[in-house]
Every structure is written in structure tokens, then in C-alpha cells.
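Let's walk through this model together, one region at a time. Keep the structure open beside the text as you read.

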Amino acid sequence: MNGIAISMRGINKRFGKKIIANKDVDLDIYHGEILSLLGENGSGKTTLMNMLSGVYYPDSGEILADGKPVTITSPKDAYDLGIGMIHQHFKLIDIFTALENILIGLPKDNTEKKCRQEVGDICQRYGFDMDLDKKVYDMTVSEKETLEIVKTLYRGAKILILDEPTAVLTPQEITRLFTILRNMRDDGKAIVIITHKLNEVMEISDRITVLRKGENIGTVMKTETDEQKLTEMMVGEKITLDIARDFVENKAKRLEVKHLTVENSDGKKVVDDVTFDLYSGEILGIAGISGSGQKELLEAIMGLQKCDPGSSVIYNSTAHGVHELVGLSTRQIIQYGLHLAFVPEDRLGMGLVGNMGMTDNVMLKRYRKGKGPFLHRRQPEATAMKIKDELEVVTPALDYPVRRLSGGNVQKILVGREINNKPTVLMTAYAVRGLDINTSYAIYNLLNEQKKKGVAVIYVGEDLDVLLALCDRIMVLCSGRMNGMLDGRTAEKEEVGYLMTHLKEEA
Ligand SMILES: Nc1ncnc2c1ncn2[C@@H]1O[C@H](COP(=O)(O)OP(=O)(O)OP(=O)(O)O)[C@@H](O)[C@H]1O
Ligand SMILES: [Mg+2]
């Protein structure tokens with residue numbers, strides 16, 4: 001085997017007091033190898049690599065480059081060591097050409113002529129195809145990714161880290177990328193690739209390192225493992241959680257989702273022909289690697305996504321009758337009692353207005369029920385007070401700007417508001433992201449209460465142990481497709497993990 005390019009020793013990284021992103025991680029990256037980093041969402045893959053690329057600095061631990069201790073405090077330090085990272089969100093300037101993007105920030109001796117010459121060499125050597133005069137806004141995602149990689153190579157990268165590079169590519173583009181990665185490996189470069197797709201891991205890697213909850217679980221040779229073993233390493237033993245799960249009798253069908261299909265702006269099917277029923281008195285879990293279509297699925301039901309022809313969502317309730325929801329506006333859908341509490345990365349952007357206090361935020365969704373422009377503040381205030389008491393929201397005052405509250409409190413307000421509107425269907429996505437254990441349990445209890453009241457609940461979650469403990473049924477999404485529907489009481493963790501990362505062949 002070749003020499004070690006980078007060694008990480010005892011690396012620890014926390015965010016705030018509670019979130020341990022990386023714990024005592026040791027990792028070696030060799031010259032001339034392709035190493036895959038595998039792990040569930042939130043297992044610390046990106047954070048670990050960001051400490052090599054100079055985005056984050058470890059709380060403790062040591063990094064060695066070619067055997068010598070180094071300090072990486074900025075992307076420039078990383079570049080000087082020959083480390084380049086291709087992030088999931090590209091950092092290109094739209095109105096510039098490829099050439100301009102490559103040259104930006106470089107010393108003047110990097111003339112246009114020199115750049116064209118060297119980029120030509122790089123392209124020929126590894127098999128890239130690139131038009132240096134094309135503007136970024138005219139490029140496909142694949143072309144942008146190519147540009148990012150070429151830019152990194154032009155800066156002399158010997159160690160390339162790619163964070164989920166295949167997530168945005170078509171199968172043909174992935175094949176092309178893998179050919180290039182192999183060429184670079186054979187040329188002696190060290191490649192680290194993060195991907196959730198097990199078939200890709202088995203195809204491209206020489207070695208595979210698995211992270212789980214911030215820790216390095218182990219490194220295996222590709223030739224000595226298989227998808228099943230990797231899944232077991234990834235998900236670990238099943239942990240029994242103390243979450244209540246009652247059985248509700250006499251369920252009624254609330255939603256009948258048929259052939260639901262949503263395309264993104266690139267024409268890629270992000271929700272692909274999904275069909276399922278949703279019942280009152282159940283919690284339907286949705287499992288999947290993030291970005292498998294969960295968000296778009298819920299948004300499509302809520303009228304926030306344009307669905308392909310043939311998609312249908314029949315809503316059936318005693319109070320509101322039977323309706324086709326596809327084609328209705330979000331406002332109409334909310335009036336039928338469907339509510340969506342979605343926790344995006346930017347919790348405040350979507351659900352709440354940061355500068356407003358609790359009362360105003362609670363009122364945001366209620367005022368349409370009011371009789372006119374004269375709003376009665378007393379009722380929203382009482383509602384806000386009720387949510388505050390029941391969910392134990394910690395805020396100095398009801399009119400204190402919610403953006404100054406902690407994530408957990410913001411989340412309680414968001415979910416509390418939706419529940420307060422007495423939904424018949426309550427959809428939550430990442431409801432407990434960033435919350436501590438106690439607060440998370442408070443949210444599970446809330447959802448259980450809703451279920452017992454006969455609400456049909458959808459819970460999109462990341463933690464498999466929670467999905468298995470909380471949900472009556474679990475739907476597994478993979479690449480926008482429904483890859484399985486399991487009984488939450490009997491499903492095995494490995495089975496869910498496998499379905500998340502391995503698309504079943506079409507029958
Ligand atoms: N800037 C940040 N501030 C606070 N917490 C963070 C930050 N970045 C990451 N985290 C948290 O650290 C943990 C590890 O996150 P990280 O992004 O490294 O995971 P990941 O394995 O890359 O996940 P994914 O597969 O979803 O990309 C998570 O709990 C995440 O919420
Ligand atoms: Mg990541």
C-alpha cells in the first residue's frame with residue numbers, strides 16, 4: 001500500500017454544549033486510494049472533512065500530513081497542504097465563466113493563457129470535458145461539479161474530498177465521474193468520497209470507513225465486506241426507547257395518495273410514483289436518507305409543489321367531505337384541516353417570523369378565520385399562553401422575538417401552533433432536529449396525543465430507533481421512490497437501513 005497522506009488522531013468536535021459531532025475519531029487516508037465515508041444523516045461525516053478543509057477547527061486531536069503535524073485553520077491552509085474539498089453546495093460565481101471562476105483569488109502570474117493550457121492538460125489526463133468560456137448560470141449541475149473539481153486540481157490538490165457528489169447526478173454522469181475518480185486515484189491522488197448509496201460505495205471504494213453518531217465504527221476493505229455488513233455497521237444495534245405506542249381502533253382512511261410524482265427544475269423525479277394510504281389514529285413514519293424526496297412529498301400533499309399529471313391525493317374526512325387535493329391552493333388545503341409543520345435547516349425562514357413574538361406567530365395562521373381586519377389579540381394571546389404552558393416554552397415574554405429563542409423553543413412553538421389548529425392530518429418533518437432528549441420526548445408525546453385523538457400523523461424522521469419505537473407503519477423512501485412499507489412494531493433496523501440505501505429493482 002502507498003504512504004499515508006493524512007492522519008487524523010483523536011479528533012473531537014462539538015457544536016454548543018450538547019451536540020457532539022465527532023468523538024475521538026482516528027482516520028488514515030492513503031495516497032492512491034479511494035476511501036468512502038459512510039454513515040447515517042448527522043453521523044459527522046461532513047464535519048470531520050470540514051476540519052481537513054479548514055472550515056472547522058477541532059476542539060482536540062491532531063492532524064498529520066505526510067507524517068508531520070499540521071494546523072489547518074483556513075481553506076488556504078488546506079490548499080497549501082494540497083487538500084481540496086468539493087462541497088455539496090457549490091461555491092461558484094454564477095455570472096462568471098469557468099475560467100474566471102478558476103482564476104478568482106489566485107496571484108496574477110496565473111494568466112489566462114497559463115490557465116487554459118494547464119486546464120487542458122488536467123482535462124486530458126483525467127477525462128474531463130469542459131468549456132472554459134461557458135458561464136456558470138448556463139451549466140448543468142454536473143458541469144458545475146466538474147468545474148469545482150478542475151478548479152481544485154488546478155490549485156494543486158493531491159487530496160480530494162467530495163461530499164455527496166453523486167446526489168445531484170444522473171446515472172450516466174455518475175459513471176463518468178467514477179471513471180475520472182479512478183484515473184485520479186491511479187495517478188496517486190487520495191480521494192475521499194461521501195455517499196449514502198451502498199451500491200456506489202461497493203463500486204468505487206478501495207476502503208470504507210463507517211461513522212455512527214460521531215464515532216468511527218471501523219474501516220473495512222471493499223473486498224472483505226458487502227452491503228449487508230455495511231448496513232449493520234451503519235445502523236448498529238437496535239436501542240429500545242421508552243416511547244409510548246398505543247393502538248387506535250376504528251381507523252378511517254384520510255388520504256389516498258396515488259402515483260404522486262414531482263419533478264425538480266432539472267426534470268429529475270424527486271418524488272417518483274408514490275402510492276400509499278394514510279389513516280386516522282396512526283403515525284406513519286417516513287424513513288430515508290435526507291434528500292430522498294421526503295420534503296417534496298409532504299409539500300406536494302400541501303399544494304406547495306407542482307405534481308405531474310396522473311398524481312392524485314384524495315382527502316376524505318367526516319367534517320370536510322371528499323376532495324382531490326392536487327390542484328388546490330395551500331390555503332384551501334389548510335382549511336380542510338391538513339397541517340404541515342416542517343423544520344427546514346432554516347427553521348425561522350419557513351414556519352415562523354423571527355422578529356415577531358409568540359403571540360403574533362400563533363396569529364399568523366389564525367387570522368384568516370377572523371371576521372375582518374380588526375384582530376382580537378386576546379384570543380391569540382390566550383392561545384400563545386396555552387402553548388407556552390403545555391409545551392414548557394422558555395421565553396421571557398410572549399412578545400419576545402422568537403429568533404432570540406433556542407432551537408428547541410422555536411420548534412415547540414411551531415409544532416404547538418399546528419396542533420392548536422386542530423388538524424385532521426398533521427405532517428411533521430424533522431420535528432426533533434437539533435432538540436435535546438427531553439424536548440424530543442415532549443414532541444413525541446404531543447404526536448401520540450394527536451394520534452389518540454384520531455389525527456392522521458406523518459412523521460418524517462432521521463433517527464431509526466425513534467421511527468421504530470414511535471410509528472405504527474414506516475414507509476421507506478429511496479431516490480424518491482417508495483422502497484418499502486413496513487409494520488413499525490415488527491420492522492428490523494437493518495431492514496429499514498438497507499431499504500434506505502438500496503433501491504429495489506423494479507419488478
Ligand atoms: N454548524 C453547525 N452548528 C451546529 N450543529 C451542527 C453544525 N454542523 C453540524 N452540526 C451537527 O453535528 C452533527 C453532525 O453533522 P454532519 O453535518 O457532520 O453530519 P453528516 O454525517 O454530514 O450528515 P448528512 O449525511 O446529513 O450530511 C449533527 O448533529 C448536526 O446537526
Ligand atoms: Mg453531510
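The shell around ligand 1 has three nonpolar, eight polar and one charged residues, where Ala, Val, Leu, Ile, Met, Phe, Trp, Tyr, Cys and Pro count as nonpolar, Asp, Glu, Lys and Arg as charged, and the others, Gly among them, as polar. You will find Phe15, Ile19, Ala21, Gly39, Asn41, Gly42, Ser43, Gly44, Lys45, Thr46, Thr47 and Ser290 around the ligand; a residue is near a molecule if its C-beta atom, placed from the backbone, lies within 6 Å of it. Two elements, β2 (19-30) and α1 (45-50), each supply at least two residues of this shell, and the largest share, three residues, comes from α1. Helices (H or I, at least four residues) and strands (E, at least two) are DSSP runs, numbered from the N terminus.

A word on what you are looking at: this is a predicted model, in which local features need pLDDT of at least 70 and side-chain atom pairs count only at pLDDT 80 or more, while totals for chains, interfaces and linings use all residues. Residues are numbered from 1 along each chain as its sequence is written, and chains are lettered from A and ligands numbered from 1 in the order in which they are written. The average pLDDT of the chain (the predictor's confidence in each residue, from 0 to 100) is 89, and 94% of the residues score at least 70. Over residues 369-374, however, the pLDDT is below 50, and this stretch has one contact in the model beyond near neighbours in sequence. Two residues are in contact if their C-beta atoms, placed from the backbone, lie within 7 Å.

Now step back to the domains. An automatic or database domain assignment divides the chain into domain 1 (4-235), domain 2 (241-337 + 423-507) and domain 3 (350-421). The centres of domain 1 and domain 2, taken over C-alpha atoms, are 33 Å apart. Their contact takes 14 residues from domain 1 and 13 residues from domain 2. On the domain 1 side, α7 (198-204) and α8 (227-235) are the elements that give two or more residues, and α8 gives the most, with five residues. By class, that side has five nonpolar, five polar and four charged residues.
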